[in-house]
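Subject: Structure for your attention

Dear colleague,

Please find the structure below, with the sequence alongside. My notes on what was found in it follow directly after.

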Amino acid sequence: MLHIIMAVIGLYVSARGIWPLSLNLTTKIVLTLAVLCVAEHHLITRTWFGSMASPEIPAAVLMLLGWLFGTILLLGFFILIKDLLGMVAYPVSAATGRVLLASPRLLVAITVITLVIAAIGVWNAVKIPKVKTIEIALPNLPAAFDGFRIVQLTDLHASRLLQRPWMAAVVDRANALEPDLMVITGDMVDGSPQARADDVKPLQSLTAKYGVLAIPGNHEYYSGYQSWLAAFNELGLRMLINQHVIITHENQQIVVAGITDHAAARFGLPDPDIAAALEQAPANQTIILLAHRPMGASAHAQAGVSLQLSGHTHGGQILGAHVLTKMANDGFVNGLYDVDAMKMYVSMGTGLWNGFPIRLGRPSEITQIVLRTKS
C-alpha cells in the first residue's frame with residue numbers, strides 16, 4: 001500500500017510541480033523519473049540493499065534519500081494546498097487563481113522552501129535527543145518510591161543511519177542522569193544481530209541502581225526476534241516477555257511488568273498477554289507496565305496497571321501529520337494520558353526508523369520520569 005500511495009504522490013508532484021515549468025521535454029522526463037525513484041526508494045532498497053526495515057547502505061545516502069523523500073511528501077502537500085486555494089480564488093479573482101494554479105515562480109519558491117524544511121527535518125531526526133523530565137503522581141505509590149527516577153529510552157532503531165557513535169552518545173546522556181531504573185520500551189534495532197552487533201554495543205554500558213529492563217517492539221520481530229533475545233541478554237538487558245519483576249526499595253515494593261508486541265502474531269510468537277505478565281504478582285502493589293504501543297491501554301488499566309510507559313508513535317514526527325498517527329493508535333500520540341485510573345506516558349521516541357528520518361515540531365527525547373506519591 002505504501003508503494004501505491006507514494007507512486008500517486010510522486011506522479012502528482014511531477015504533474016503539478018515539474019511539467020508546468022519552462023523546461024525541455026528531456027529534462028521534464030528525467031526529473032519525473034528521479035521523483036518516482038525517490039518516492040519508491042523503499043521498494044528499491046528492499047529489493048537490492050537488504051530489507052525495508054534495514055537497508056544496508058551508507059548513512060549519508062540514507063540521509064540524502066530521507067531529505068528527498070521528505071521533500072516529495074511535503075511538496076505534494078504544499079502543492080495540493082496551493083491548487084485548492086487557486087481553485088477557490090479563481091471565481092473571485094482570475095488573476096490570483098492563475099498565479100496560484102500556474103505560476104512557475106511560485107512553484108520554484110515552494111520547492112526551494114520545502115527543500116530547506118526537509119533538510120531541517122533530517123537534522124532534527126539524527127541529532128542527539130535532549131532530556132525531557134516529567135513528574136507523575138500515582139495513587140498508593142509506596143512512600144519510599146516518592147522521587148524514584150526512571151529513565152525511558154524507546155524506538156532507538158539502531159541502523160546504518162543511527163550507528164554506534166549516536167547510540168553511545170544517547171547512553172552517555174542517559175547514564176548521566178543516574179536513574180534508579182532504566183527501561184527500554186521496544187524497537188531497539190533494525191537489522192540482524194550480525195549487522196548491528198557494533199551499533200548496539202553501547203547498550204551494554206547502560207547503568208541504573210535497579211538495573212535495565214526492556215521489551216520488544218514490532219521492529220525486533222522484523223529483524224530476527226529469537227536471535228535478538230539472546231543478543232540482548234548478552235548486553236545485560238533484562239527482557240520482560242509477558243513477565244514481571246519486583247523492585248524493592250527501602251523495604252517497600254513496586255511491580256514492573258513487560259509485554260510483547262502485536263507484531264508477534266505474524267511470526268507465530270506469543271501475543272501481548274497482560275494476564276501472564278502479572279501472574280503471581282503481589283496484590284495491591286503499584287504496577288508499572290512497559291508496552292511498546294499505547295494501544296490496549298484500557299485493558300491494561302482494568303488489569304490494575306498504575307502506569308504504562310509506551311513509545312512506537314514517534315510523536316507523529318511532523319506537526320500536523322501527528323493527527324493521523326494519533327488516529328492509528330487509539331487516540332494516543334505523545335505525552336501523559338489518564339486512562340481510567342491508570343496513567344500512561346507515550347514518548348516521542350529517542351530515535352526513529354531510517355526509512356523516514358524527518359522530525360518537524362515533534363522532537364525526539366530521552367525521558368526522565370520522577371514518580372510522586374499522590375497527595
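A residue counts as buried under 20% relative accessible area, as exposed over 50%, and as partly exposed in between. Please bear in mind throughout that this is a predicted model.

Aromatic pairs

With a relative accessible area of 34%, Tyr222 falls in the partly exposed class. The residue belongs to a cluster in which ring pairs link Tyr221, Tyr222, Tyr225 and Phe267. In total, the structure holds nine aromatic pairs. Tyr221 and Tyr225 form a stacked pair, because their ring centres are 4.4 Å apart and their planes stand at 5°. Tyr221 is buried, at 3% relative accessible area, and Tyr225 is buried as well, at 7%. The pair of Tyr222 and Phe267 is tilted, with 6.4 Å from centre to centre and 50° between the planes. This pair links distant parts of the chain, as its two residues are 45 residues apart: Tyr222 sits in helix H9 (residues 218–222), while Phe267 sits in the loop between strand E7 (252–258) and helix H11 (274–277). Phe267 is partly exposed, at 39% relative accessibility.

Transmembrane annotation

An unreviewed UniProt entry lists residues 25–45, 57–81 and 106–126 under "transmembrane region". In the model, residues 25–45 are 95% helix and 0% strand, and the C-alpha atoms at the ends of the span lie 29 Å apart. Residues 106–126 are 100% helix and 0% strand, with 31 Å between the end C-alpha atoms.

In H3, the residues His41, His42 and Thr45 are buried. Their arc around the axis covers only 100°, so they lie on the same side of H3. The buried residues of H3 pack against helix H1 (2–17), helix H2 (25–39) and H4. Gly50, which follows H3, has a positive phi near 115°.

Met52 is found in the loop between helix H3 (41–48) and helix H4 (59–89), and is partly exposed at 24% relative accessibility. Leaving aside residues up to four places away in sequence, Met52 touches Leu2, His3, His42, Arg46 and Trp353. From C-alpha to C-alpha, Met52 and Gly191 are 9.6 Å apart in space, although 139 residues separate them in sequence.

Nonpolar cores

The largest nonpolar core has 41 residues, of which Leu153, Leu156, Ile184, Met188, Leu203 and Leu206 touch the most other members. Two or more residues come from each of H4, helix H6 (104–126), strand E2 (149–153), helix H7 (164–175), strand E3 (181–185), strand E4 (212–215) and helix H10 (225–234). Both domain 1 (1–125) and domain 2 (129–373) give at least three residues to this core.

Not counting residues up to four places away in sequence, Met188 touches Leu156, His157, Ala158, Ala214, Ile215, Glu220, Phe232, Leu237 and Met239. Another core, of 24 residues, lies apart from the largest one; among its members are Phe148, Val245, Tyr345 and Leu371.

With kind regards

Notes: Residues numbered from 1 in each chain as written. Predicted model: local features only at pLDDT ≥ 70, side-chain atom pairs only at ≥ 80, totals over all residues. Heavy atoms only, no water. Phe/Tyr/Trp six-rings, centres within 6.5 Å; stacked < 30°, edge-to-face > 60°. Buried < 20%, exposed > 50% of the residue type's maximum accessible area, 1.4 Å probe, protein only. Helix = DSSP H or I, 4+ residues; strand = E, 2+ residues; numbered from the N terminus. UniProt positions renumbered as here; feature names shortened; annotations may be inferred. Contact = heavy atoms within 4.5 Å. Arc of directions from axis to C-beta. Core = buried A, V, L, I, M, F, W, Y, C linked by side-chain atoms within 4.5 Å. Domains from an automatic or database assignment.
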